[in-house]
Amino acid sequence: MFNPLVIALDVLQVGHLGETYEEWVHQPIVTKKGPRFFHSDFWEFLTLTVWWAVPVIWLPVSVWCISMSVSRGLSLPEIVPLIALGIFIWTLIEYTLHRFLFHIKTKSYWGNTAHYLIHGCHHKHPMDHLRLVFPPAATAVLCFPFWNLVKLFTTPSVTPALFGGGMLGYVMYDVTHYYLHHAHPTRAVTKNLKKYHLSHHFRIHDKGFGVTSSLWDIVFGTLTKSPKREQ
């Protein structure tokens, strides 16, 4: 009997690439639609996300978390720095996940398959607009360990504001990521940010892991340098 959870055949074939997977996945195909992940329409739907779903779902969660800190006695001058700290911490999480998880090197069958499902498909099909931002179901699952981690190191009144700031940072990251792939910036700052990120996709994939900024690339020595122009 057909199992609706079975991964689609074309995705399963990726695992057989073995050691050649790393080179293959970083040879992008510029199409607006990538391959199907699951036979089941329901499970396939959970992997497809329109960009505006991220702010619509997670901005209210961020605001609710911050309001919890207000109800627990924190004043506005106390909350604002916590929100800023949460956003700052997120930028480091963004860099760390992108560099060490999303770009982990694999060669085993299931390692290649898992990497492709998590991030490899985005590099193979960087203009697939429905597999660019993180699916809300996956984000919801990850919220629990991150909440508990923040809770472990902070007080009950500080936890919601700090977590809410981190959530706000995440929303800024995913919206920015979509913008850099599909918008046409007119300002110098956003033009340079788009050029920097697309260089990660199309030129040097093992550098330039920052999306919202190049701060941590500078700190950890993974900054992508612009190609020298011919004289």
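## Salt bridges in the model

The count comes to 4 salt bridges, each a side-chain nitrogen of Lys or Arg within 4 Å of a carboxyl oxygen of Asp or Glu. Side chains of opposite charge can pair when their charged atoms come close.

This is a predicted model, in which local features need pLDDT of at least 70 and side-chain atom pairs count only at pLDDT 80 or more, while totals for chains, interfaces and linings use all residues. Residues are numbered from 1 along each chain as its sequence is written, and side-chain values use heavy atoms, with hydrogens and water left out.

## Lys107 and Glu19

Lys107 forms a salt bridge with Glu19. Their closest N and O atoms are 3.8 Å apart. Lys107 sits in the loop between α5 (76-101) and α6 (109-124), and Glu19 in the loop between α1 (9-12) and α2 (21-25), so the pair ties together parts that are 88 residues apart in sequence. Helices here are DSSP runs (H or I, at least four residues), numbered from the N terminus.

Lys107 is exposed, at 54% relative accessible area. Glu19 is exposed too, at 65%. The cut-offs are under 20% relative accessible area for buried, over 50% for exposed, and partly exposed in between (1.4 Å probe, protein chains only).

## Lys105 and Glu22

A salt bridge also joins Lys105 to Glu22, with the closest N and O atoms 3.3 Å apart. This pair links distant parts of the chain: Lys105 lies in the loop between α5 and α6, Glu22 in helix α2, 83 residues apart.

Lys105 counts as exposed, at 62% relative accessibility. Glu22 is buried, with a relative accessible area of 18%.

## Arg36 and Asp41

Arg36 forms a salt bridge with Asp41. The closest N and O atoms are 2.6 Å apart. Arg36 is partly exposed, at 35% relative accessibility. Asp41 is exposed, with a relative accessible area of 60%.

Thr47 is found in the loop between α3 (41-45) and α4 (53-71). Thr47 is buried, at 15% relative accessible area.

The Thr47 side chain makes a polar contact with the side chain of Arg131 at 3.0 Å. A polar contact is a pair of N or O atoms within 3.5 Å; within protein, one must be able to donate a hydrogen and the other to accept it, and residues adjacent in sequence count only if both atoms are side-chain atoms. Leaving out residues up to four places away in sequence, Thr47 touches Phe37, Phe38, Leu130, Arg131 and Pro135. Contact means heavy atoms within 4.5 Å.

Terms used: Helices (H or I, at least four residues) and strands (E, at least two) are DSSP runs, numbered from the N terminus.
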